Amino acid sequence: MSAFDSRGAVCKVACGDRHALALTQTGEVLSWGDNEFGQLGRVAAAGFSAEPLPIYELLREISGAIDIACGAACSLAVSPSSKLYAWGRMPVDAPHAVDSPLPVQFRLDRRTRGAFTLMARTEGPGASGIS
């Protein structure tokens, strides 16, 4: 994929039902696939994107991510200061159930870590979780 050539080495990939994230060694998060529920983190882009692009709204919030995960139709990232950001379709039992293309910050504590770990690991085939 030539979209990754100028972005540095990819150190982690996470997959949802119809979208994926990549985390580079510099902490940049790229997304591609279906954006029906905002899971790509792109406000103006609906539909499908085959090109991996940075999540600019997340970059405005944090300087770099240290971990990523995907649920069926949501995406998650953890900042170096242990803040959890999630966007896309949140399950009803998440601390803040909302469809959002913008990253929503959650305090990463026992309650949210458990909710999002369970969500990311059980929300569909191929889903990966933050451990």
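Predicted model: local features only at pLDDT ≥ 70, side-chain atom pairs only at ≥ 80, totals over all residues.
Trainee: Does Asp67 count as buried or exposed?

Mentor: Start with the cut-offs: buried means under 20% relative accessible area, exposed over 50%, and partly exposed in between, with a 1.4 Å probe and protein chains only. Asp67 has 16% relative accessibility and counts as buried. Residues are numbered from 1 along each chain as its sequence is written, and side-chain values use heavy atoms, leaving out hydrogens and water.

Trainee: How many salt bridges does a search of the whole structure find?

Mentor: The criterion is a side-chain nitrogen of Lys or Arg within 4 Å of a carboxyl oxygen of Asp or Glu. The search finds two. In one of them, Asp67 pairs with Lys12, and the closest N and O atoms are 2.5 Å apart. Asp67 sits in strand β5 (residues 67-70) and Lys12 in strand β1 (residues 10-15), so this pair ties together parts 55 residues apart in sequence. Strands here are DSSP runs of E, at least two residues, and helices are runs of H or I, at least four, numbered from the N terminus. Lys12 is partly exposed, at 27% relative accessible area.

Trainee: Which residue forms a salt bridge with Arg18?

Mentor: Asp34 does, with the closest N and O atoms 3.2 Å apart. Arg18 lies in the loop between β1 and β2 (19-24), Asp34 in strand β3 (residues 29-34), so the pair links parts 16 residues apart in sequence. Arg18 counts as exposed at 55% relative accessibility. Asp34 is buried, at 8% relative accessible area.

Trainee: Which residues have the most contacts inside the largest nonpolar core?

Mentor: A nonpolar core is a set of buried Ala, Val, Leu, Ile, Met, Phe, Trp, Tyr and Cys residues joined through side-chain atoms within 4.5 Å. The largest one here has 13 residues, and Leu21, Val29, Leu58, Ile68 and Trp87 have the most contacts inside it. Elements giving two or more residues to this core are β2, β5 and β7 (83-89). A second, separate core has eight residues, including Ala69, Val78, Met90 and Phe106.

Trainee: How many residues of strand β6 are buried?

Mentor: In a regular strand, side chains alternate between the two faces of the sheet. Strand β6 (residues 74-78) has five of its five residues buried. Both faces are covered: Cys74, Leu76 and Val78 on one side, Ser75 and Ala77 on the other.

Trainee: Which way do β5 and β6 run?

Mentor: Two strands pair if DSSP finds at least two bridges between them. β5 and β6 run antiparallel, joined by four bridges. Ala69 stands opposite Leu76 in β6. A hairpin of three residues connects β5 to β6. On to the next pairing: β6 and β7 are also antiparallel, over five bridges. There, Cys74 stands opposite Gly88 in β7. The hairpin of β6 and β7 has four residues between the strands, and Ser82 takes a positive phi near 65 degrees.

Trainee: How many disulfides does the structure hold?

Mentor: A disulfide is a covalent bond between the sulfur atoms of two cysteines. The cut-off used is a pair of cysteine sulfur atoms within 2.5 Å. The structure holds zero. Cys70 is in none; the nearest cysteine sulfur, from Cys15, is 6.6 Å away. Cys70 is buried, at 0% relative accessible area. Cys11 is partly exposed, at 48%.
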